[in-house]
2 protein chains.
Amino acid sequence: MRDVSLLAGVSISTVSHVLNETRPVPEATRTRVLAAISASGYMPNTLARSLKRAETRTLGLAIGDIANPYFTEVVDAVEEVARARGYTVILTDNGESAEREMPGLRVLVGRRVDGLILAPSAEGGAEAVNYALHHKIPLVQIDRTASEGCDYVVAANAEGARRLVAHLAALGHRRIGMLTGLPGLSSTHERIAGYRTALDEAGLPFDPALTAEGQFSPEPARRATHALLAIADPPSALFASNNLMTLGAMRAFSERGLAVPGDIALAAFDDFAWADLFQPRLTTVAQPCRRIGELAVTLLLERMAAPELPPRRLRLPVELRHRESCGCTPGAAAIP
Amino acid sequence: MRDVSLLAGVSISTVSHVLNETRPVPEATRTRVLAAISASGYMPNTLARSLKRAETRTLGLAIGDIANPYFTEVVDAVEEVARARGYTVILTDNGESAEREMPGLRVLVGRRVDGLILAPSAEGGAEAVNYALHHKIPLVQIDRTASEGCDYVVAANAEGARRLVAHLAALGHRRIGMLTGLPGLSSTHERIAGYRTALDEAGLPFDPALTAEGQFSPEPARRATHALLAIADPPSALFASNNLMTLGAMRAFSERGLAVPGDIALAAFDDFAWADLFQPRLTTVAQPCRRIGELAVTLLLERMAAPELPPRRLRLPVELRHRESCGCTPGAAAIP
DNA sequence: CGCCGGGTCGCAAACGTTTCCACGAACCGT
DNA sequence: ACGGTTCGTGGAAACGTTTGCGACCCGGCG
């Protein structure tokens, strides 16, 4: 910047002021400065500016696993709206583990992010939230919650699970299995609650032997599916409570030579790009991933502007994608 | 930091030195300082440090589309090894368009990234590379290249395409269609070249009517597939030259009620998590995505250490995943 | 003619670090 | 006892900005 000021024959402060339009500067000098800027290939140093201004125009995004298409889409949306609002995002992936969560957070607060979007981990989530709050970093939780006292935007997990399982029950299935997620996550528990509600409503008993822990990822889900299928009175339908576990379940089916929905019906939480290309096409409930990301940024920006706002708790409706893996034929009526 | 120094009864410089272990400080004062640090909840300001040190320990990662599983995996790997080496990564997604590429780059250099990993866009890639070089930012290209004069790590595109198409030809197909990628990308051209090589080697003529532009994404690929299937003498086999286009092709097949491989054989560039769950399972060639990401970081760090190194051009071998969409039966012999 | 006000601008102090330089004390060998 | 070396430490400049304060010049008004 000194180069520019010398080149334009003005002071450093004047250069700064034309850059930020922070005080009137006559057209003549303005153009002179602008010319000097482009002549010298000058590029403002964001670090110095952030240091002085005590704001970085950076948002932290700490998620569980970027390889999960759900998070991928959220990230994409967050990045897009943040960019539109003049913010850059720094991403950290904690691999759904508490050990990597805190170090990641520390990096983010060390870099002085102006705000934080966090998918709190199962074991460390509460600590992570407190840490951010303690450092006075505006925070919004996504996908799951570790604290009711602070903003979040999540999907209607219980309701989505309930509808899927209710549909399976309506089709006559009496033994409906469930692949459950990572214990300790609010989303896991809500989906289990939805499953049980549907069972209750259908007059079906809850049998713990019909649920198996798939940890929200493919390999555990594959093993869990095998286990479920090996019991004395195995399920005739399976509810996979996220996208990655659906993958594992289908691998297990294929390994056992089971046909869907003939041998076993399948309904899954989370839609994804390929879900309608399988034979049969997958019946799923889709989360509004992009919307979740967009709202998370919006909420965060609002909170940054008004830290004293009461906590906003957003629970977005999910959308049922009724296809054939549940056992219905292509033209079947919509699920009530 | 001043707080800490006051609390510990030492000077600011001493605090800095215990923090960085940059000069010997006796155990007694050291512990006193450490105590003061944790007592005050002090967290070093990365910005000030970066400003002073003229390095940010930040890497820029500018990719085409984070929703593409290929890039997702690369991002994941890059993030992981960068973190292990003490670097943070800032991600920008240019949506495969030149208009968003330069602004994204400007943000990155404004934030003074220490190095850059770039998937150059089709139209703006060369300019982007020059821009980085002009600002003396160490750079490595991934996935495609806009400049031979600077490091890159890409896959063996031509070879992968050649092997897939050769296999289709060996199976007796005489009219093999191809969905081509975004024009202007080196990967697109290399895959086309591989396709033509295989045709030549099999003594098959190259018929332009058998190639259609799928732009590396689902919708265009779907339309392109329909177009290919509507010609007078349609292909009996299709080569989809990336993952997203495979999706589009399969949608088109399903819309036309075509069975794979009975009505049309399919072989695809890029493997992905669900590829072996389709009926039939997809025959693909897999890029070493994680390896690409890892090597990109490694090369970048090396170049940051030694800017004058001659350019390293890495072309990683691809791996054939021989399954059944090509028309082979499950136990078939490997592709030569 | 003096004063006042507005329009232009520059100076210099911060922001929180790192790092060079130098200073005092203690200790060593002669 | 004394110069020299080492050890432990502090002071202060610098990194590239932003911004409060005040200086200067000019025209117009009383």
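Predicted model: local features only at pLDDT ≥ 70, side-chain atom pairs only at ≥ 80, totals over all residues.

User: Is α11(A) mostly covered or mostly uncovered?
Analyst: Mostly covered, as ten of the 14 residues in α11(A) are buried. Among them are A:Leu244, A:Met245, A:Leu247, A:Met250 and A:Phe253.

User: What covers the buried residues of α11(A)?
Analyst: The covering elements include the helices α5 (69-84) and α10 (218-229) of chain A, along with the strands β6 (176-180), β8 (237-240) and β9 (265-269) of that chain.

User: Why does the span of helix α11 of chain A agree with what it should be?
Analyst: Helix α11 of chain A has 14 residues (243-256), which at 1.5 Å a residue should span 20 Å; the end C-alpha atoms are 20 Å apart, so the two agree.

User: Changing topic: which residues come nearest to DNA strand C?
Analyst: There are 26 residues around DNA strand C, and the nearest are A:Ser11, A:Ser13, B:Met1, B:Ser13 and B:Asn45. Elements giving two or more residues to that surface are α2 (12-20) and α4 (46-53) in chain A and α2 (12-20) and α4 (46-53) in chain B.

User: Which element gives the largest share?
Analyst: α2(B) does, with six residues. By class, the surface near DNA strand C has twelve nonpolar, ten polar and four charged residues.

User: And in the largest nonpolar core, which residues touch the most other members?
Analyst: A:Ala296, B:Phe239 and B:Ala296, out of 184 residues in that core. Leaving aside residues up to four places away in sequence, B:Ala296 touches B:Val78, B:Ile117, B:Val140, B:Ile142 and B:Val153.

Terms used: Residues numbered from 1 in each chain as written. Chains lettered and ligands numbered in written order. Near = placed C-beta within 6 Å. Helix = DSSP H or I, 4+ residues; strand = E, 2+ residues; numbered from the N terminus. Nonpolar A, V, L, I, M, F, W, Y, C, P; charged D, E, K, R; others polar. Core = buried A, V, L, I, M, F, W, Y, C linked by C-beta atoms within 7 Å. Buried ≥ 20, exposed ≤ 12 C-beta atoms within 10 Å, placed from the backbone. Contact = placed C-beta atoms within 7 Å. Expected span 1.5 Å × (residues − 1).
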